[in-house]
Amino acid sequence: MVIALDRGLSVLEHLTRYPQGVPISLIASELDIPLSTCHRLLAELQRRDYVRQTRQQGDYVLTTKVVSLGLGFLSSGGIVDIAEPLLERLAQRSGELVRLSIVDDDRLTFVAKSQGLRQQGMRYDPDMGADARLSCTASGHAWLMTLSDERALELVLRQGFGKPGEYGPAAPTTVKALLGFLHAARVRGYAVINEVFAPRMSAIAAPVVRRKEAIGVISIAGPRTRLTAARMHELAPALLEATAELGPISNASTLFGRPALGKG
């Protein structure tokens, strides 16, 4: 039973990598699951409406049921109602993408966003529900800066550094480089990155703190042509004001309050 559950969840997670669909043979091969077992798992997931086939005996894709569950969870947890006004206000002020991520044990997950009103030029709009890459996102740095160096490195090494070519040209790939980012963030009180997560993109982020512990992060991200170093530092007071406001009212959501194990 436990093995079947583990394999079923692995299939669901694997399918998120293939929004256009993927054949059962590839799923079985990449997950090292016997083809017959994989067929049974997919049949059950299809019966429960988590998976569908793009055509008869064709590729398998996720349905929107998974998305619906996640959105329902966020809604019932109260996080959207609490954070939405703050995120929208900051998005209007900055004109860029504002995101909220929450700390859940040893993960930092993006759960809400608000896009600024700019309609021209490049838009930077990654998917929600993903875990932040701690080594090369402003949100990751903003959380790690609240922890000890030892705890921060433990979390990053567990997740792994971003591989060159998958992120921006300035992404740190060594312990020394990462600690340089974190120490600078602690001095200024917020994290700043430029072509670290992605080429031609920059971001600024600050932790949401409650009872001296980070429970989430708010970030502002956009093209570096607009979100210059000067512009980010100009927006820093508004960002810090939003995080300071969210911290005390976060008790109203059950999703806040599950910080990482271990103190920094």
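I first looked up Val208 and found its bridge partner in strand 7 to be Gly216. The model is a predicted one, in which local features need pLDDT of at least 70, side-chain atom pairs count only at pLDDT 80 or more, and totals for chains, interfaces and linings use all residues. Residues are numbered from 1 along each chain as its sequence is written, and side-chain values use heavy atoms, with hydrogens and water left out.

**Entry: strand 7 and its partners**

I noted that helices (H or I, at least four residues) and strands (E, at least two) are DSSP runs, numbered from the N terminus. Two strands pair if DSSP finds at least two bridges between them. Strand 6 (residues 201-210) is joined to strand 7 by 10 bridges, and the two run antiparallel. Within strand 7, Ala214 stands opposite Val209.

I then turned to strand 3 (residues 97-104), which is joined to strand 7 by 6 bridges, again in an antiparallel run. Gly216 of strand 7 is the bridge partner of Ile102.

I traced an open sheet of 5 strands in the order 4-3-7-6-5, with antiparallel pairing. Strand 4 (107-114) and strand 5 (191-194) stand at its edges with a single partner strand each, so one side of each has no neighbour in the sheet. On average, neighbouring strands of this sheet are turned by 25° against each other, direction ignored.

I looked up Val111 in strand 4. Val111 counts as buried, at 11% relative accessibility. Its C-alpha atom is separated by 7.7 Å from that of Arg99, which is 12 residues apart from Val111 along the chain.

**Entry: positive phi values**

Most residues other than glycine have a negative phi. I therefore recorded the exceptions that follow.

The hairpin of strand 6 and strand 7 has 2 residues between the strands, and Arg211 there takes a positive phi near 50°. Lys212 lies in the loop between strand 6 and strand 7. Its phi is positive, at about 65°, although Lys212 is not a glycine. Lys212 counts as exposed, at 85% relative accessibility.

I found Glu195 in the loop between strand 5 and strand 6. Its phi is near 55°, a positive value in a residue other than glycine. Is Glu195 buried or exposed? Glu195 is buried, with a relative accessible area of 18%.

I looked up how helix 1 (residues 2-15) packs with helix 2 (residues 24-31), and found an angle of about 115° with the axes 11 Å apart. That makes helix 1 roughly perpendicular to helix 2. Axes are lines fitted to C-alpha atoms, for helices over the stretch in contact, and angles run from 0 to 180 degrees between N-to-C directions. Angles under 35 degrees count as roughly parallel, over 145 as roughly antiparallel, 65 to 115 as roughly perpendicular and the rest as oblique.

Which residues make the contact of helix 1 and helix 2? Helix 1 contributes Ser10, Val11, His14 and Leu15, and helix 2 contributes Ile27, Glu30 and Leu31. Contact means heavy atoms within 4.5 Å.

I next examined helix 2 and helix 3 (residues 35-47), which pack at an angle of about 115° with their axes 9 Å apart. Helix 2 is thus roughly perpendicular to helix 3. In this contact, Ile24, Ser25, Ile27 and Ala28 of helix 2 meet Leu35, Cys38, His39 and Leu42 of helix 3.

**Entry: Arg231**

I located Arg231 in helix 9 (residues 229-249). Arg231 counts as buried, at 18% relative accessibility. Leaving aside its neighbours within four places in sequence, I found Arg231 in contact with Arg93, Ser94 and Arg226.

Methods: Buried < 20%, exposed > 50% of the residue type's maximum accessible area, 1.4 Å probe, protein only.
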